[in-house]
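Hi everyone, and thanks for coming.

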Amino acid sequence: MNALLRRFPDFIHPPAMLNINRSILQFQEMAGFPNVFGCIDGTHIKIVAPPGNDEDVYVNRKNVHSINVQIVCDARLRILDCVATSPGSFHDDRILRESAFWRAMEGEPGAVPQGLILGDSAYPIREWLMTPYAQPINRQEERFNVSHKSTRVTVERCIGVLKRHWHCLHTELDPHY
């Protein structure tokens with residue numbers, strides 16, 4: 001964790017440090033999806049079962065102890081926001097709703113970048129957060145979903161790059177050590 005924290009500025013770029021217009025253009029070039037500046041997803045990091053009475057809250061849907069980490073990234077795979085404190089049983093939607101990123105995006109108009117983020121069906125639809133159609137009923141909705149998926153895959157690539165760079169994220173971490 002200390003190594004990650006020392007390199008934090010190399011990987012985490014809050015939206016205030018980001019050229020939003022550039023990111024919007026880069027995302028639009030991917031699959032024609034307009035006005036997107038970021039994508040969001042969660043990933044589970046295995047941990048040793050924590051001591052205490054709340055051990056079960058860390059058990060995820062695969063029956064493994066984990067931390068569910070929320071990542072928001074831009075088109076260049078730069079991390080705009082990261083929440084790495086949620087137990088494995090927490091749903092992606094809950095992590096987002098309890099995050100500072102949620103509060104910023106729901107805050108005063110103009111206080112945050114004007115644009116959209118894309119998330120999968122685990123997230124709620126908001127003015128600033130678009131998810132795919134669960135059951136597309138026409139060609140237009142199908143094209144929307146294809147463009148959405150082609151753009152949102154960026155955050156999955158970002159998570160993959162992080163896990164390849166930090167091999168320890170593939171093992172069982174002991175956050176209480």
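Which residues lie nearest the centre of the second largest pocket? They are T43, H44, N60, R61 and K62, out of 20 residues that line this pocket. Before I go on, a word on where this comes from: it is a predicted model, where local features need pLDDT of at least 70 and side-chain atom pairs count only at pLDDT 80 or more, while totals for chains, interfaces and linings use all residues. Residues are numbered from 1 along each chain as its sequence is written, and side-chain values use heavy atoms, with hydrogens and water left out.

Back to the pocket. A pocket here is found on a 1 Å grid over the protein atoms alone, as an open set of points where a 1.4 Å probe fits, with protein on both sides within 12 Å along at least five of seven lines; lining residues have an atom within 4 Å of a point. The volume of this one is about 400 Å³, taken as the space filled by probe spheres set on the points, which are joined across faces, edges and corners. Strand β1 gives the largest share of the lining, six residues, and β2 supplies at least two. Helices (H or I, at least four residues) and strands (E, at least two) are DSSP runs, numbered from the N terminus.

In the loop between β1 and β2 you will find N63. Its phi is near 65°, a positive value in a residue other than glycine. N63 counts as exposed because its relative accessibility is 65%; the scale is under 20% for buried, over 50% for exposed and partly exposed in between, with a 1.4 Å probe and protein chains only. L77, in the loop between β2 and β3 (79-87), also has a positive phi, near 70°. With 24% relative accessibility, L77 is partly exposed.

Now let's go inside. The largest nonpolar core has 19 residues, and V36, I71 and V155 touch the most other members. Such a core is a set of buried Ala, Val, Leu, Ile, Met, Phe, Trp, Tyr and Cys residues joined through side-chain atoms within 4.5 Å. At least two of its residues come from each of β1 (36-46), β2 (66-73), β4 (116-118) and α6 (139-165). Apart from it lies another core of 14 residues, including I40, L80, L96 and F101.

What about the rings? There are four aromatic pairs in the structure. Rings of Phe, Tyr and Trp (its six-membered ring) pair if their centres lie within 6.5 Å; planes under 30 degrees apart are stacked, over 60 edge-to-face and the rest tilted. F101 and W128 make an edge-to-face pair, 6.2 Å centre to centre with 80° between the planes. This pair links distant parts of the chain, with F101 in helix α5 (residues 100-106) and W128 in the loop between β4 and β5 (129-130), 27 residues apart. Both F101 and W128 are buried. Elsewhere, ring pairs join F33, Y133 and F144 into a cluster.

Last stop: E98, in the loop between α4 (92-97) and α5. E98 is partly exposed, because its relative accessible area is 46%. Beyond its neighbours within four places in sequence, E98 is in contact with F90 and R103.

Note on methods: Contact means heavy atoms within 4.5 Å.
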